[in-house]
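Visitor: Could you take me through this structure step by step? I would like to ask questions as we go.
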Amino acid sequence: WRAAGHRVAIARVVGTEGSSPRDPGATMVVNDAGEVAGSVSGGCVEGAVVGEALAILAGERERGVISFGYSDDEAFAVGLTCGGTIRLFIEPLDW
């Protein structure tokens, strides 16, 4: 991506509460074309993380911590297999 001139944002799990599909340290990168590598949630909130990363790359949002969470009942209602909360730090990569 660097050789192709893409800007990249990195999302890292920095904390979890309750049930969580990925442990702290799990990482996902998103380039300015919307391409993704890695995973921070095993699919539960990946789409929302991509949106946040693209907003940061576009200058519409500042780097920082964002939380995603559901109670166990809400998780099953939207098709997730786990409840809990994950906190991610999302920032642009400085090549």
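Visitor: Where is S41 placed?
Guide: This is a predicted model. In it, S41 sits in the loop between β3 (36–38) and α1 (46–57).

Visitor: Is S41 buried or exposed?
Guide: S41 is buried, because its relative accessibility is 1% and the cut-off for buried is under 20%.

Visitor: Which residues does S41 touch, leaving out those up to four places away in sequence?
Guide: Those residues are P21, R22, E46 and I86.

Visitor: And what does the side chain of S41 reach at 2.9 Å?
Guide: The side chain of S41 reaches the backbone nitrogen of V45.

Visitor: Let us move on to α1. How many residues does α1 have, and what does it span?
Guide: α1 has 12 residues, and the distance from its first C-alpha to its last is 16 Å. That is close to the 16 Å expected at 1.5 Å a residue.

Visitor: Which residues in α1 are buried?
Guide: The buried residues in α1 are E46, V49, V50, A53, A55, I56 and L57.

Visitor: What comes just after α1?
Guide: Just after α1 there is G59, which takes a positive phi of about 80°.

Visitor: How does the whole chain run from the N terminus?
Guide: The order of elements in the protein chain is β-β-β-α-β-α-β. In total there are two helices and five strands.

Visitor: How much of the chain is buried?
Guide: Of the 95 residues in the protein chain, 34% are buried.

Visitor: What about contacts between residues at least 24 apart in sequence?
Guide: They make up 49% of the contacts in the protein chain between residues at least 6 apart in sequence.

Visitor: Which residues make the nonpolar surface patch?
Guide: W1, L93 and W95 make that patch, which is about 300 Å². L93 lies in the segment after β5 (84–92).

Note on methods. Residues are numbered from 1 along each chain as its sequence is written. This is a predicted model: local features need pLDDT of at least 70, side-chain atom pairs count only at pLDDT 80 or more; totals for chains, interfaces and linings use all residues. Side-chain values use heavy atoms; hydrogens and water are left out. Helices (H or I, at least four residues) and strands (E, at least two) are DSSP runs, numbered from the N terminus. Buried means under 20% relative accessible area, exposed over 50%, partly exposed in between (1.4 Å probe, protein chains only). Contact means heavy atoms within 4.5 Å. Patches are made of residues with over 30% relative accessible area and no salt bridge: like charges are joined within 9 Å, nonpolar side chains (Val, Leu, Ile, Met, Phe, Trp, Tyr) within 5 Å. Accessible areas come from the Shrake-Rupley method with a 1.4 Å probe; for residues, only the protein chains shown count as cover. A salt bridge is a side-chain nitrogen of Lys or Arg within 4 Å of a carboxyl oxygen of Asp or Glu. A polar contact is a pair of N or O atoms within 3.5 Å; within protein, one must be able to donate a hydrogen and the other to accept it, and residues adjacent in sequence count only if both atoms are side-chain atoms. The expected span of a helix is 1.5 Å times one less than its number of residues.
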